[in-house]
Amino acid sequence: MKKQPDKPFAFRGKYLFLVVLILYGVLFFVSSQSAQLAMRKSGGILLKILPVFVVVILFTALLNYFLQPRQIAKHLGRESGCKGWLWALAAGVISHGPMYAWYPLLEDLRKHGMRDGLIVVFFASRTIKIPLLPMMIDYFGLIFTLVLSFYILIGALIQGWVFEVMEQRSR
Amino acid sequence: MKNSAIKKKQHKQSTQRPVFSKVLQKSGLSFWAMAPLLLGVIGLVGLFQVLVTPKMLASLFRGNSLLDTLIGTLIGSIAAGNPIVSYLIGGELLGQGISLYAVSAFILSWVTLGFIQLPAEVEVFGGHFTLYRNILSFIFTMLIAALTTLTLQVLS
C-alpha cells in the first residue's frame, strides 16, 4: 500500500467556532447571566468528556502503532465480513461519552479502510448505554429495556446494510 | 551488491514499527486540529441547555400517538445533553399521558440524531455520509419506537 504524504497541520471547524463565539457575544448583550450560565455548562461538559478525549487519543495511537492500515482494512474493511459488523456493534455499545468525541478516531479508521456501513452501525448501536441500563430499567421497566435494546441492535445492523446498498446505488 | 543492501535496508525500514511516542504525538496533533470543531459543538450544547428547558420540550407534544412519535423524534434530535436527562423527561412525559411510541422515539433520537453536531459530522465524514446516515437514523428511530411499543402490547 502506498504511503500517503502527511497533510500540513490545519485547524478544522474554525468557522463553526467563530459562529458559536458570535452567538455567545450576542447572548452576552441580551442576557449576560444566561451567557455566563451557558459558558459554565459548556465548561462542565468539556471537563466531563476530557477523559473520553484522552481515551480516543490513546486508542488512535495504539491502533496506529500495533495495526498496519491493511490489518485495519482486514478487520473493518470490505473483506471483514460478519466479524466487522459485530466489532462495530460491540464498539458502539461499549463506547462512552457523546458521539462527536469519537469523530477523530472514526475518521482515522476510515482513512485506513474502515467501511462506512460499519460507522453507521457504530453510531446506531450507541443508543444502548450499558452504565445507564439500570436507570432505564428503573424508569421504563425491564421488559421495555430488553425489547428496545434488541430492536436497537437489529436496527443498527440493518441501517449499516441499507447505507451500503444506498452508497453502491449512488455510485 | 550495493543495490541489494539498500533494498534490504528499505524493506526493513518499511516493516519496522514507528516509535510509539511519535505515533502518540501524531494522534494528539490530529485531535488538536479538531479542537475548534469540538469546542464549537460543546459551546452549542451549553447554549441549548440554557435556552431550551425540559418544560418547553414537553409542552410540544400534542396527545396524538402518530404525531407525537414524529414530534418525539424531532425534539430528541434537536435536544442535546446527557442521555439521563432524556430518561428523566421521558419518565415525566409518560406520567403526563404521552404515548410510549413518542417517548421511545424521543429517548432514541436523543442519542443517535443531533442537529447540533451536524456541522461537525459534515466536516469530518462529508455531506453525503451525514445526509444518508441521519435520514436512515430518523426513519429507524420511529420504526424501533413503534416496534417496541407494539411488542410490549403483545407481550402484555
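A contact means heavy atoms within 4.5 Å. By that criterion, residues 24 or more positions apart account for 73% of the contacts in chain B with a separation of 6 or more. This is a predicted model, in which local features need pLDDT of at least 70, side-chain atom pairs count only at pLDDT 80 or more, and totals for chains, interfaces and linings use all residues. Residues are numbered from 1 along each chain as its sequence is written, chains are lettered from A and ligands numbered from 1 in the order written, and side-chain values use heavy atoms, leaving out hydrogens and water.

Chain B has nine helices and zero strands. Helices (H or I, at least four residues) and strands (E, at least two) are DSSP runs, numbered from the N terminus. Of the 156 residues in chain B, 47% are buried, meaning under 20% relative accessible area with a 1.4 Å probe, protein chains only. The accessible surface of chain B is about 7,900 Å². Carbon and sulfur atoms hold 67% of that surface.

Now take one helix pair. Helix α5 (residues 65-78) of chain B packs on helix α7 (residues 100-112) of chain B at about 20°, with axes 7 Å apart. That makes α5(B) roughly parallel to α7(B) (angles under 35 degrees). Which residues of α5(B) and α7(B) meet? From α5(B) come B:Ser65, B:Asp68, B:Thr69, B:Gly72, B:Thr73, B:Ile75, B:Gly76 and B:Ser77. They meet B:Tyr101, B:Ala102, B:Ala105, B:Phe106, B:Ser109 and B:Trp110 in α7(B). The residues of this contact of α5(B) with α7(B) divide into six nonpolar, seven polar and one charged.

Terms used
Buried < 20%, exposed > 50% of the residue type's maximum accessible area, 1.4 Å probe, protein only. Areas by Shrake-Rupley, 256 points an atom, 1.4 Å probe, with all protein chains shown as cover. Axes fitted to C-alpha atoms, helices over the stretch in contact; angles between N-to-C directions. Parallel < 35°, antiparallel > 145°, perpendicular 65-115°, else oblique. Nonpolar A, V, L, I, M, F, W, Y, C, P; charged D, E, K, R; others polar.
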